[in-house]
Amino acid sequence: VGGAGGAGGYRNSYNSETSGGGASSETEFTFTSGTVYTVTVGGGGTGATAYNDKGNNGSDSSISGSGITTITSIGGGGGGTSTHDAAGSSDNYQVGGGGGGASQVGSAGVSGNGTYGTGGQGGNGASSSITGSAVTRAGGGGGAGGGNSGTTGDGGTGGGGQGNGLNNGTDLAGAGTTNTGSGGGGTYGPYPSSGIGGSGVVILRMTTTNYSGTTSGSPSVTTSGLDTILTFNGSGSYTG
């Protein structure tokens, strides 16, 4: 244990960009005039607070409305915790694997062999230009290093949290970056806990001539070329 949290679901239908796990771009849908599209932005998963425990999945992010199939993705997972086995030597301190990211699996941790071991690296996230410039999101968390002197795993690109190897109550495992759906880092022992997962984000893009201007929940509204982009960092709605 001590493994990191994986990134949440990553779904993309913009400009033929890939979805998470190497999946193909999803089918775009057209906003219908007068239809209310409800946007829910889920929170990241909580970290573990007891020995040999695992973190929790984040809550779902989604968009729903009349005439479309609800699109749902889970939030980033919280990291797990670890301990050492009864032998108590540096060879036996457990290390954690890195969490999976949207474009890459996490790597396994490397056990002691006379040292305290190295946590696995979090998998990298995926890049999208839906907001007008390339942004990487949904990185996996880094795994816990073994014992007080273990080497921690780095979080994956796109917001994965750093792992923690220090069992001293002061060094926190890293959280997944807010509004990226990234995973939290794992920790050696629950001091005080492993990293929480990153909350989600929902981004809608449409031609500006078709943008109604009617929203709730205060999304950020930007433009790129002939398009308007709504970025929901919290729940709300858009009326077509």
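How much space lies in the largest pocket? About 1200 Å³. Keep in mind that this is a predicted model, so let's treat it as a computed picture and take a walk through it.

## The largest pocket

Let's look at what surrounds that space. The lining of the largest pocket is made up of 42 residues, and those nearest its centre are S13, F29, I130, I203 and L204. By type, the lining splits into 21 polar, 15 nonpolar and six charged residues.

Which elements give two or more residues to this lining? They are β2 (61–64), β3 (71–73) and β8. The largest share belongs to β8, with six residues. Keep an eye on β8, as that strand comes up again below.

## A sheet of three strands

Where does β8 sit? Look for an open sheet of three strands, running in the order β8-β11-β10 with antiparallel pairing. Its edge strands are β8 (202–207) and β10 (220–224), and each of these pairs on one side only. From one strand to the next, the twist averages 20°.

## A sheet of five strands

There's another open sheet to find, this time with five strands in the order β3-β2-β1-β12-β9, and its pairing is antiparallel. At the edges you'll see β3 and β9 (214–216), each pairing on one side only. Ignoring direction, neighbouring strands in this sheet are turned by 10° against each other on average.

Two of these strands, β2 and β3, were also on the list of pocket-lining elements. They pair with each other in the antiparallel sense over three bridges. If you pick out S62, you'll find it standing opposite T72 in β3.

## The nonpolar core

Now for the inside. In soluble globular proteins, nonpolar side chains tend to be buried together. Here, the largest nonpolar core has 12 residues: F31, Y37, V39, V41, I63, I68, V202, L204, M206, L230, F232 and Y238.

Which strands each supply at least two residues of this core? The answer is β1 (36–40), β8 and β11. Of these, β8 gives the most, with three residues.

Start with I130, which sits in the loop between β5 (126–128) and β6 (135–137). Is I130 buried or exposed? Its relative accessible area is 12%, and the cut-off for buried is under 20%, so I130 is buried. In sequence, I130 and T231 are 101 residues apart, yet in space their C-alpha atoms are 9.9 Å apart.

S16 isn't a glycine, but it has a positive phi of about 65°. N179 isn't a glycine either, and its phi is positive too, at about 60°. Their surroundings are another matter. S16 lies in the segment before β1, and with a relative accessible area of 64%, S16 is exposed. N179 is in the loop between β6 and β7 (187–188), and because its relative accessibility is 16%, N179 counts as buried.

Methods:
Residues are numbered from 1 along each chain as its sequence is written. This is a predicted model: local features need pLDDT of at least 70, side-chain atom pairs count only at pLDDT 80 or more; totals for chains, interfaces and linings use all residues. Side-chain values use heavy atoms; hydrogens and water are left out. Two strands pair if DSSP finds at least two bridges between them. Helices (H or I, at least four residues) and strands (E, at least two) are DSSP runs, numbered from the N terminus. Axes are lines fitted to C-alpha atoms, for helices over the stretch in contact, and angles run from 0 to 180 degrees between N-to-C directions. On a 1 Å grid over the protein atoms alone, a cavity is a set of points where a 1.4 Å probe fits but cannot get out, and a pocket is an open set with protein on both sides within 12 Å along at least five of seven lines; lining residues have an atom within 4 Å of a point. Grid points are joined across faces, edges and corners, and a volume is the space filled by probe spheres set on the points. Ala, Val, Leu, Ile, Met, Phe, Trp, Tyr, Cys and Pro count as nonpolar, Asp, Glu, Lys and Arg as charged, and the others, Gly among them, as polar. A nonpolar core is a set of buried Ala, Val, Leu, Ile, Met, Phe, Trp, Tyr and Cys residues joined through side-chain atoms within 4.5 Å. Buried means under 20% relative accessible area, exposed over 50%, partly exposed in between (1.4 Å probe, protein chains only).
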